[in-house]
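Try each task yourself before you read the solution.

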Amino acid sequence: MTTKKFMMVNRKAPYGTIYAWEALEVVLIAAAFEQDVSLTFLDDGVYQLKKGHNTKGIETKAFEKTWGALEDYDITKLYVAQESLAERGLSADDLAVPVEVLSRAEIGKLMEEQDVILSF
């Protein structure tokens, strides 16, 4: 099987839409087929990684802890846009898992190296 580079780009907040869940499912499927998977978090997508999800009152299961399990699937490339963190008053210390913080320009260069980019 040929290995391809897949990048999932997460731009949406974790709750209120199905995008974050769908991205996570696609990530796990790609990893199950031993593809080279990376995740990028831009815009409100950075909230997906923020510590302390509280879904009480919206009748949705919090999936914050799921990000910590990605390493079990050999998914270790998580990138976050510095500008998106700064615009929301966050830093890497506010996130539930270790990430590599890059500028949008650096993320753009990474995107050029991918075989497949899926945006959620």
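**Exercise 1.** How many bridges join E3 to strand E4 (residues 100-102)?

*Solution.* Before you start, note that this is a predicted model, where local features need pLDDT of at least 70, side-chain atom pairs count only at pLDDT 80 or more, and totals for chains, interfaces and linings use all residues. Residues are numbered from 1 along each chain as its sequence is written, and side-chain values use heavy atoms, with hydrogens and water left out.

Step 1: find the strands, which are DSSP runs of E with at least two residues, while helices are runs of H or I with at least four, all numbered from the N terminus. E3 covers residues 77-81.

Step 2: look for the bridges; two strands pair if DSSP finds at least two bridges between them. E3 and E4 are joined by 3 bridges and run parallel.

Step 3: pick out residues. Valine 80 stands opposite valine 101 in E4, and tyrosine 79 stands opposite glutamate 100 in E4.

**Exercise 2.** Work out the strand order of the open sheet.

*Solution.* Step 1: go from E3 to strand E2 (residues 36-41), joined to E3 by 4 bridges in parallel. Here phenylalanine 41 has valine 80 of E3 as its bridge partner.

Step 1: carry on to E1, which pairs with E2 in the parallel sense over 6 bridges. Lysine 5 is partnered with aspartate 36 in E2.

Step 2: finish with strand E5 (residues 116-119), joined to E1 by 4 bridges, again parallel. Methionine 7 sits opposite isoleucine 117 in E5.

Step 3: write down the order of the 5 strands, E4-E3-E2-E1-E5. The edge strands E4 and E5 each pair on one side only.

**Exercise 3.** Is strand E1 (residues 5-10) largely enclosed or open?

*Solution.* Step 1: count the buried residues (under 20% relative accessible area with a 1.4 Å probe, protein chains only; over 50% is exposed, and in between is partly exposed).

Step 1: 5 of the 6 residues of E1 are buried, so the rest of the structure largely encloses this strand.
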